[in-house]
Amino acid sequence: MKAVRTEIAITGIAAISSAGVGLDPLKETLRSGISALRPVPVDLAGEEGHVWGRAEGFKASDFMSPLKARKFDRCSLFAVVAAGMALKDAGLDPAAFGSSRVGIALGCGFGGIANSEDFLRGYLGKGTDGLVPMLFPNTVPNAPASNASIEHGLKGPNVTFVQRFCSAEAAFQMACRFLEEDRADIMLTGGVDELQPFMIEAFRKVGQLRRYAAGFSEGAGILVVEKGEVARKRGVRIRAMAGDIRSVGRLLPGREAEGIDRIFCPESKPQLVSLSGVAGEVKSILERLPNVPRLETGRLLGRSLAMGGLSLVSLLVSLSPGFSAVHYAASPEGPYYGIDFTA
Amino acid sequence: MNRKRIAITGRGIFCGAGKDIATFSHNLLEGRSAIGPMDLFDVSPFPVRIAAQVRDYDPLSHFDRKVAARLSRADQFGVIAAGEALQESGVTKYYSPYDIGVSLGAGAAGMFQAEQWLSETLLGKKARPTLLRGILPDRTSTAIAAQYGLGGYQGTITTACSSSSTAIGWGADLVASGRLKAIVCGGSDAISLLTYAGFNSLRVVDPEPCAPFSLSRKGLSLGEGAAFLVLEEEEEAKRRGAKIYGYILGYAATGEAYHMTAPEPSGAEAARVMNAALEYAGIGTHEVGWVNAHGTATPLNDVVETKAMKQVFGERVTDVPLVSTKALTGHCLGSAGAIEAVATVVALNAGIIPQTLNFRGADPECYLDYCHDGKRASSVPIALSNSFAFGGNITTLVVSR
């Protein structure tokens with residue numbers, strides 16, 4: 001894949017995670033290296049020894065009235081609140097800037113699943129009398145991005161991706177492209193996900209609790225990306241610049257090295273590497289990493305389908321000025337991403 | 001911006017209105033609706049008992065038993081339709097597999113199977129865990145890539161009923177930007193209890209086959225299926241001697257930021273998206289021959305789309321038919337945009353504007369030309385295809401033959 005030509009500045013970030021709400025608890029967890037994951041109750045996991053990363057420090061009532069909170073699913077609550085925090089961090093009021101020039105591209109893993117389950121339980125338990133119409137609109141995975149756009153007046157491009165552990169990276173790629181194509185001046189991007197007890201039961205039944213669903217988590221990692229010229233004109237602090245974005249869909253049997261070649265840039269000399277999704281378990285990626293510090297947020301904050309957003313935010317708060325980094329993300333069966341950043 | 005022209009070199013479809021391009025084309029041009037009694041699951045508790053279901057479908061006619069068991073109904077539809085498009089284009093014989101990607105628009109995906117798991121679990125039965133395998137919508141893109149040995153970009157867009165239109169627009173852009181040589185892009189979705197009960201609970205489903213833009217219309221008819229296009233850069237396609245069926249000239253995908261289910265009532269936001277798509281395509285409104293509407297046949301949608309048309313085309317609006325093919329295909333949700341894009345390509349190549357079926361009388365608020373009286377000959381080579389979705393997500397594709 002070719003380099004992104006338009007300068008892409010990251011001017012705002014926000015995090016809601018198992019470490020807590022906001023950047024400070026995230027930074028503290030990254031600094032201390034102490035995992036924020038907690039044991040999964042045995043009655044859910046069926047056995048001891050499992051951990052999860054629920055965002056237990058998040059209370060919707062800290063940010064909105066209970067009446068308003070009731071209309072959102074948990075994923076949408078994360079997205080609405082984190083988007084607001086990221087906009088504040090970027091010093092941006094979309095209405096004042098021009099709402100049609102501010103958009104959102106979000107990765108969302110299990111968004112909508114909880115509402116779907118609630119809705120179906122109602123029907124399967126009580127027939128049509130058990131149907132709760134208000135649950136249905138928030139069964140779609142784009143509910144978080146759409147609710148965030150409604151709450152914050154983002155009338156620019158609006159897209160949601162689900163692509164397993166690379167959902168946030170897929171959204172980040174599109175957000176950067178939309179800036180490059182002048183479809184927007186500013187995009188919110190990243191990932192959001194939720195973790196519900198019934199999902200643990202499902203992971204256990206499909207045999208994933210000890211594999212890819214081990215240490216699953218929830219929360220949101222949101223970035224504000226904008227054209228470099230727009231950021232400079234706004235006079236806002238630029239946290240980092242995004243560089244080349246490389247991706248392949250899957251590694252073809254017998255041609256794996258060719259695929260891995262496409263997500264590595266030979267000229268890249270990072271001082272920090274971020275590993276997201278299952279990138280830290282892919283031998284052919286690990287073999288090619290330079291001997292520099294590695295940031296694996298999955299071990300500290302947990303991972304889920306859209307938590308690449310939190311990995312990206314973690315990378316940005318860890319990157320010293322003048323340093324460069326590469327974010328690698330991978331999913332079981334693909335896709336694979338390599339994204340360059342310079343602070 | 002000087003963009004490369006993105007050619008359509010392959011088409012594939014598998015839906016209630018046709019299980020391949022030839023059959024679908026025939027039914028589209030003859031106005032043969034697929035909406036009828038629904039028997040995919042028990043719909044007797046609901047007031048509406050019809051849909052454009054894919055009937056007489058035996059997975060084993062397309063997959064061996066082991067593969068069929070691994071794939072959800074939506075995955076299977078997607079693999080079949082994408083296969084037809086790839087075969088027609090022949091791109092897999094020409095480009096490196098790492099230069100061919102998959103861009104998918106999805107909806108309820110494998111929910112139909114997951115519901116069986118939930119139902120059996122609630123009854124205390126030991127449900128098969130494999131029923132949950134396809135619950136994530138990205139599974140279809142992986143299944144397509146694996147089936148056809150594609151290693152390039154893989155992405156799944158999930159913006160409800162605009163998913164697959166956006167997936168096509170994004171796919172065109174991935175080729176135009178030089179990131180891929182070719183892409184198979186479109187959407188797949190299957191009817192599920194969730195969507196059937198959901199739209200029934202919102203009371204936006206018509207007990208009779210849906211009647212877009214007609215008086216006394218009561219809402220949509222659900223459908224299911226998959227449709228895909230293979231896109232590549234025009235010069236490259238010509239160089240390899242590929243047959244070109246048309247072009248994706250541009251697209252726009254934005255959010256209304258208004259309401260999760262209700263469209264912005266003035267039509268201004270929908271008009272903004274249509275205008276943006278035309279601007280990105282470098283096309284003037286005078287060049288557009290007709291518009292393939294979102295046209296769900298809900299009382300509100302059809303009025304808003306009519307208002308948006310007036311704002312985009314001004315005095316010329318009565319010369320630009322707004323037609324809905326959903327009365328033929330049903331509303332296929334995550335795959336609706338792709339199915340309608342394929343319908344648009346087929347119609348443009350046939351030189352016709354399709355009929356909007358099931359006319360029940362003129363609605364004074366829907367005062368445009370909807371081709372209710374029959375298909376129409378047209379030599380104009382460009383059409384728009386609109387998709388509106390929950391969350392206020394709107395996408396417009398600009399398509400030419």
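**View 1. Helix H4 of chain A and its end.** H4(A) is followed by Gly91(A), whose phi is positive, near 60°; helices (H or I, at least four residues) and strands (E, at least two) are DSSP runs, numbered from the N terminus. The model is predicted: local features need pLDDT of at least 70, side-chain atom pairs count only at pLDDT 80 or more, and totals for chains, interfaces and linings use all residues. Residues are numbered from 1 along each chain as its sequence is written, while chains are lettered from A and ligands numbered from 1 in the order in which they are written. The 16 residues of H4(A) should span 22 Å at 1.5 Å a residue, and its end C-alpha atoms are 23 Å apart, which agrees; the expected span is 1.5 Å times one less than the number of residues. H4(A) is mostly covered, with 14 of its 16 residues buried. A residue is buried if 20 or more other C-beta atoms lie within 10 Å of its own, exposed if 12 or fewer, and partly exposed in between, with C-beta atoms placed from the backbone.

**View 2. The largest nonpolar core.** Of the 265 residues in this core, Ala79(A), Ala82(A), Ala86(A), Val225(A), Leu231(B) and Ala277(B) touch the most other members. Helix H4 (residues 74–89) of chain A gives the most to this core, with 11 residues. Such a core is a set of buried Ala, Val, Leu, Ile, Met, Phe, Trp, Tyr and Cys residues joined through C-beta atoms within 7 Å.

**View 3. Surroundings of Ala86(A).** Leaving out residues up to four places away in sequence, Ala86(A) touches Gly12(A), Ile13(A), Ala14(A), Leu188(A), Ile222(A), Leu223(A) and Val224(A). Two residues are in contact if their C-beta atoms, placed from the backbone, lie within 7 Å.

**View 4. The two domains of chain A.** Chain A is divided into domain 1 (9–234) and domain 2 (240–342), with bounds from an automatic or database domain assignment. Their C-alpha centres lie 21 Å apart. The contact takes 50 residues from domain 1 of chain A and 35 residues from domain 2 of chain A. Elements that each supply at least two residues of the domain 1 side include strand S1 (8–17), helix H1 (23–32) and helix H8 (167–180) of chain A. By class, that side has 27 nonpolar, 18 polar and five charged residues. Ala, Val, Leu, Ile, Met, Phe, Trp, Tyr, Cys and Pro count as nonpolar, Asp, Glu, Lys and Arg as charged, and the others, Gly among them, as polar.

**View 5. The two domains of chain B.** The assignment for chain B gives domain 1 (6–246) and domain 2 (248–400), and the C-alpha centres of these domains lie 20 Å apart. Domain 1 of chain B puts 62 residues into the contact and domain 2 of chain B puts in 61 residues. Among the elements giving two or more residues to the domain 1 side are strand S1 (6–15), helix H1 (21–30) and strand S7 (225–233) of chain B. H6(B) gives the most to that side, with seven residues.

**View 6. Chain B against chain A.** In this interface, 56 residues of chain B are in contact with 57 residues of chain A. Helix H4 (111–122), helix H6 (163–176) and strand S8 (246–255) of chain B are among the elements that each supply at least two residues of the chain B side. The residues of that side divide into 27 nonpolar, 23 polar and six charged.
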